[in-house]
Amino acid sequence: MFQMIKRAKISKKESALIRLSAIVLAFLFSGLFILLLGHNPINVYISMFDGAFGSLYRLKETITITIPLVITSIGIMIAFKMKFWNIGGEGQILMGAFGATIFALNMPELPKFILLSLMLVSGFISGGLWALIPAIFKVKFGTNETIITLMLNYIAIKWITYLQYGPMRDPSALGFPKIANFSDNAILPSLFGIHIGWIFAVIIVITVSIFMKKSKWGYKISVIGESFDTARYAGININRVVLFSMFLSGGICGIAGMIEASAVNQTLNYSISAGYGFTAIITTWLSGLMPSIIIPVSLLFGGLVKGGNFIQTAFLIPKAAAQILQSMILFFAIGSEFFVNYKLKYKKRNYTTTNEKESV
Amino acid sequence: MNQKVFVKMKDICKSFGSVKANNLVNFEVNKGEVHALLGENGAGKSTLMNMLSGFYKPDSGSVFIRGKEIKFNSPKDAINEKIGMIHQHYKLVDVQTAKENIILGQKGNLFVNNKKLSKKIYDIANEYGLPINPDKKIYDMSIGEKQSVEILKVLYEGNDILIMDEPTAVLTPQETKKLFQIIKNMASKGCAIIIITHKLNEVMEVSDRVTILRKGKTITTVITKETTPELLTNLMVGKSVNLSIKRPEVIKSEEILKVENLFAKNKNGVKVLNNISFSLYGGEILGVAGVANSGQKEICESIAGLYPIESGKIIYENDDIVGKTPGEIINKGISMSFIPEDRLGMGLVASMDMIDNYLLKEFHNQKSIFLDRNPILKICNKMIEDLQIVTPGVNHPVKQLSGGNIQKVLIGREINTNPKILITAYAVRGLDIGSCHTIYDLINEQKGKGVAIMFIGEDLDILLQLCDKILVLSEGTVMGIVDARTTTKETIGHMMAGGLNSKEAY
C-alpha cells in the first residue's frame, strides 16, 4: 500500500529536483510517442538539440524566439502574483505591436532613436490599455478575468486581420493582403548578431525583479495575491493596485509585441504573436513566478520551438510532435506540484490482529 | 451477547507527516456512559474521533466495537457499526424541513409514508426529551433547534454510539443545560456518548468519566466525581497552572470611541447589526458576549472600516469615521488596532515572514517607493524576545508557527504601534492555556497604559474575570451592558438568548 503523507517542509534543492524530474519524465513519455511514429527518440532529441543550439546561427535563432517569451512571461508574472489570471498575453502582444505600428508607418522619416522610442512607449501603452479592459470589468463588475482576457485575444487577432485586409492593406503589395513594411528607421538594430530586444529583456527582468521585491507596489501585489481580506485589512486600495498592475502586465507584453513587429517581422500581421502569449503561461508557471528563473525556462522553450521546427525537416515528422513534448512538460510540471507537497510512502498494512475478545 | 464495553481503541497511532497526532492512544467507552474527551487544541482529540467515525485510517492499533475488532475503511463502516457523529458545524439542508433532513441519505422505500414517519420522529423525540416540530424548515430554526435535528438524525439512524464535537460552542448557557439533560437521557437509554471539549465546567457537569489527551498521548482516564477542575487542568497542560485571571484596577479615562445607532446588513440583505450603541473608554476592557454569529464580527469590522454600514455613527475624537476605508482611517492617524478572528486569513499573510507581516501595518509610514526592511528587522527581533515567540527566525513563514506564536506575532505588531483603541476578536481561540494567559497579560498591560479595549470572547467565565463591562449581543441587537464584577453567568445567558424571558429555544 502506498500512503500519501503531507510534507512538513521541503528544501529548495528537493523541490528543484522534483521539478527537474518532471521535465525528464516528460521527455521519456514523449519518447514513447516518437517511437510510435517509427523514429528513434534519442536521435530525434539529439537533433532537436542540435537544431536549437547546434551552431551559432541556430543559437541566435533560438534566442530570437526566447526574447519575446521572456518579456511576455515577466508581464504575465506580475498579474499571476496577484492571482489575476491574465491569459491574454497573445492579445496584448498584438495590440502592443499595433500601437508601435501606428508610429512606424505614419512617421517613417523620424530619426531612428526618436521613432523607436515612440514605438516602444506606444507599444507599452497600447498593450497596457488592452489589459486594462478586463481589469476594469473585474473591479467594477467582478467578472471572471480568465474568460475576458482569453476572449480579448481573439478580438485583437480579428482586429489586426481586419486592418491587414482592409484599411491598412498595402496598395503596393500587388493585391497581397499585407500591411506595408516598416522603414529602416523603425527597425531595431542588432548587437552581437541578435536584435537588441535581448537588452530590453534583460533590463525588464532586472527592473521587475527589483520592483517586485523591494518596492511598495510589489509588496502590495504580493499581499493581494495572498489574501484579499488581508489587503483590505491593511488598508491597501485593492482596485487601484489591480488596475495599475494589469496595465503594467499588459504593457510589458505590449513591448514584446513592439519588438516582434519591429525587429522580426518588420511589419504588422495577425500572426506575429506566434503563440508566445500562450507558451508564456507555461514558462511563467514553470518558473514558479520567479523572474530570474524565467530566463532559463524560456530558453528551454525557445529551444523546443526551434528544435521542433528542425525535426520537421530532418525527420519529416510534424512539428506537433514537439508541441506534444511542450504539453507533456506542462502536464508533468503541474503533476509534480503534488509531489512537492506530498510524498508517497510504501508501507505494509500493520494493523495488529491480537485477539482481544477475552478482555472485553 | 450483551457487551458492556461499546468502544475500545487500543494503541492507536496516526501521523501526519512528521507530526504524531496520536501516539499509542487508548480509549474506552461503556454502554450508558457519557465520556468526555478532554485536551488542548492539537492534543489529538479530533484525530482520534475521526478514526472512530471512519474518516481517517489509523497507522497502527486496533478498534473494537462491542467486543468485535473492526477495520474502518470508510465512514460507511462507522455507519454500519451504529456510530454517529454530530459535527460542530451542522450539516443540514436549510430549505428543507426537519423531517426531510432526518430521512436524507436513509435507506427506505421509494415513497415516503409521511404520517408514519412523523410519528416515528415524534416517538424518538419524546423518548429522549427533544422538543421538535418535524415540519419546520431548518432556516426558521434557532441554533438549539438545529442541534436537536442533528441529534434526532443520528438517533433515527438507530445509532447508539454518539460522538459530539464541541456541542456547546454555539449555545447559550440555558440551551447548554437543556442539551446536557438530553445527553443524560440518551445515556440512560443505553447509548454511549463521547463529548469532545476543552471546557472544564462542562466536563464536570455532564460526564461520567474523562479521558485526557496531551500531545497525542493518553494521559489517563478518571472518574469525574473523583476529580476537580484544577486536577484536570494540570493533567491537560502537564504542569500546575493558575487558572485565575487578573483584573487590574485602572482608573478609566475619557471616552475614546463612541458608536451610535449602527445598522448594517449582510450580502444577502439580512440585518446583522440592529441599532448598536456603545462607547469605549481608555483604561477599560469592554467584553462582548453572545452566541456565535450574533454580530460580533460585524461590529469589529465596522469599526475597522471593513464592513458596509447602512446608517449610524462611529465617532473618534469628534470625527465620524463611518464610510472611510481602512486606508483612510490609517492615514488620518487614527491609532486603532484590530486583531481579527481570522488570523491567517485577514490579520496576517500566511506565507510571508514576520518582517513582511509587520510591514502590513508599517508600509503606510514609509515615504519612499522602496521599502526599507532593516528597521523592521530590529523591531521583529525585539518582539521575539519580549513576547517569547518561538520561531526559527524572522524570515520564517508565519504559517509554520504554532497557533499561540502566530497570535503573539499579530498582537505584538498591533500593540507595537501604541494604539489608543485595541479591538480583539476571539483572541485566544485555539490557544493552549499558557498562551491564553500570555495574551490576557498583554491585554491587561495595554489597559494599564490607558488603551480602550474591546474584547470579543466566547467563554463567559473568562469574560467575567477579565473584563470591566460586558456588552451582550443577541441577533445583532445590544441586549444590555452589564458590570462584569457584579453580574452572573445566568443573567448574561438569559440576555444572550434574547431577553430575560428566555425564548422557547429547544
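Predicted model: local features only at pLDDT ≥ 70, side-chain atom pairs only at ≥ 80, totals over all residues.
Residues are numbered from 1 along each chain as its sequence is written, chains are lettered from A and ligands numbered from 1 in the order in which they are written, and side-chain values use heavy atoms, with hydrogens and water left out.

On to the layout of chain A. Its C-alpha trace spans about 100 × 60 × 35 Å along the principal axes. It carries 13 helices and four strands, which are DSSP runs numbered from the N terminus (helices H or I, at least four residues; strands E, at least two). Of its 360 residues, 48% count as buried, meaning under 20% relative accessible area with a 1.4 Å probe and protein chains only. Look at contacts (heavy atoms within 4.5 Å) with a separation of 6 or more in chain A, and 76% of them come from residues 24 or more positions apart.

Chain A splits into domain 1 (1–39 + 319–360) and domain 2 (66–295), with bounds from an automatic or database domain assignment. The centres of these two domains, taken over C-alpha atoms, sit 36 Å apart. Five residues of domain 1 touch four residues of domain 2 in chain A.

For a local view in chain A, take A:Ser336, found in helix 13 (residues 320–341). A:Ser336 is buried, with a relative accessible area of 5%. Setting aside neighbours within four places in sequence, its contacts are A:Ile18, A:Arg19 and A:Ala22.

Now for the holes. Rolling a probe the size of a water molecule over the atoms shows where empty space is left. Here a cavity is a set of points, on a 1 Å grid over the protein atoms alone, where a 1.4 Å probe fits but cannot get out, and lining residues have an atom within 4 Å of a point. Points are joined across faces, edges and corners, and a volume is the space filled by probe spheres set on the points. The structure holds two cavities of 30 Å³ or more.

| Cavity | Volume |
|---|---|
| Largest cavity | about 50 Å³ |
| Second largest cavity | about 30 Å³ |

The lining of the largest cavity includes B:Ile86, B:His87, B:Tyr90, B:Met164 and B:Glu166. By class, that lining divides into six nonpolar, three polar and two charged residues (Ala, Val, Leu, Ile, Met, Phe, Trp, Tyr, Cys and Pro count as nonpolar, Asp, Glu, Lys and Arg as charged, and the others, Gly among them, as polar).

The second largest cavity is lined by B:Ala36, B:Phe180, B:Ile195, B:Thr197, B:Glu202, B:Val203 and B:Val206. Strand 8 (192–197) and helix 7 (200–206) of chain B are the elements giving two or more residues to this lining, and helix 7 gives the most, with three.

Notes. 1 Å grid on protein atoms, 1.4 Å probe; cavity = no way out; pocket = protein on both sides within 12 Å on 5 of 7 lines; lining within 4 Å. Buried < 20%, exposed > 50% of the residue type's maximum accessible area, 1.4 Å probe, protein only.
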